[in-house]
Amino acid sequence: MSARRMILGVAVAAALIAAPGATLGTSHDPVLLVHGWRAVPSAWDVMVTRFVDEGAGRNVVAIDLPGEDNVANGRAIQDLVVNQLGWGRFDLVGVSMGGLSAR
């Protein structure tokens with residue numbers, strides 16, 4: 001996935017989250033949540049609950065990053081998305097170091 005597409009995915013996902021009452025498109029792409037430095041996937045529990053409660057019809061996954069190395073984290077993200085989940089298209093939401101690792 002190109003960096004441009006990742007950035008676009010972040011922008012689209014951020015716009016949907018930031019706009020109360022925004023309607024989701026009909027594609028229902030899955031969402032990958034990437035936590036920041038020294039955080040854990042459960043940091044996204046409120047966000048995952050919002051996706052579920054609002055009936056967005058999306059598969060939402062919060063990744064557990066392996067550590068504090070952006071390159072290793074990027075490889076883990078790629079492995080999860082491509083090899084384990086098989087997603088060809090998805091929305092990405094990263095916070096802090098999670099955004100850097102995803103890039």
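1. Which backbone nitrogen does the side chain of His35 reach? That of Leu65, at 3.3 Å. The side chain also has a polar atom 3.4 Å from the backbone oxygen of Ala39. For reference, a polar contact is a pair of N or O atoms within 3.5 Å; within protein, one must be able to donate a hydrogen and the other to accept it, and residues adjacent in sequence count only if both atoms are side-chain atoms.

2. Ground rules before going further. This is a predicted model, where local features need pLDDT of at least 70 and side-chain atom pairs count only at pLDDT 80 or more, while totals for chains, interfaces and linings use all residues. Residues are numbered from 1 along each chain as its sequence is written, and side-chain values use heavy atoms, with hydrogens and water left out.

3. On confidence: pLDDT is the predictor's own confidence in each residue, from 0 to 100. The protein averages 80, and 73% of the residues score at least 70. A contact here means heavy atoms within 4.5 Å.

4. Overall layout: there are four helices and three strands, and along the sequence they follow the pattern α-β-α-β-α-β-α. Both kinds of element are DSSP runs numbered from the N terminus, helices being H or I with at least four residues and strands E with at least two. Of contacts between residues at least 6 apart in sequence, 74% join residues at least 24 apart. Buried residues make up 32% of the 103 residues, where buried is under 20% relative accessible area, exposed is over 50% and partly exposed is in between (1.4 Å probe, protein chains only).

5. Now the sheet. It is open, with three strands in the order β2-β1-β3 and parallel pairing. Strands β2 (60-63) and β3 (91-94) stand at the edges with a single partner strand each, so one side of each has no neighbour in the sheet. Neighbouring strands are turned by 20 degrees against each other on average, direction ignored; the axes are lines fitted to C-alpha atoms (for helices over the stretch in contact), with angles running from 0 to 180 degrees between N-to-C directions.

6. Strand β1 (residues 31-34) joins β3 through four bridges, and β1 and β2 also pair over four bridges. Two strands pair if DSSP finds at least two bridges between them. Leu33 has a bridge partner on either strand: Ala62 in β2 and Val93 in β3. Val31 stands opposite Asp91 in β3. Val31 and Leu33 point one way from β1, Leu32 and Val34 point the other way, and all are buried.

7. Back to His35, which sits in the loop between β1 and α2 (45-53). What is its relative accessible area? The value is 4%, so His35 counts as buried. Not counting residues up to four places away in sequence, His35 touches Val40, Pro41, Trp44, Ile63, Asp64, Leu65, Val95, Met97 and Gly98.

8. The Ser101 side chain makes a polar contact with the side chain of Asn70 at 2.7 Å. Leaving out residues up to four places away in sequence, Ser101 touches Asn70, Asn73, Gly74 and Ile77. His35 and Ser101 are 66 residues apart in sequence and 9.6 Å apart in space, C-alpha to C-alpha.

9. Last item, the aromatics. How many aromatic pairs does the structure hold? One. Trp87 and Phe90 form it, tilted, at 5.8 Å centre to centre and 40 degrees between the planes. Both Trp87 and Phe90 are buried. The criterion: rings of Phe, Tyr and Trp (its six-membered ring) pair if their centres lie within 6.5 Å, and planes under 30 degrees apart count as stacked, over 60 as edge-to-face and the rest as tilted.
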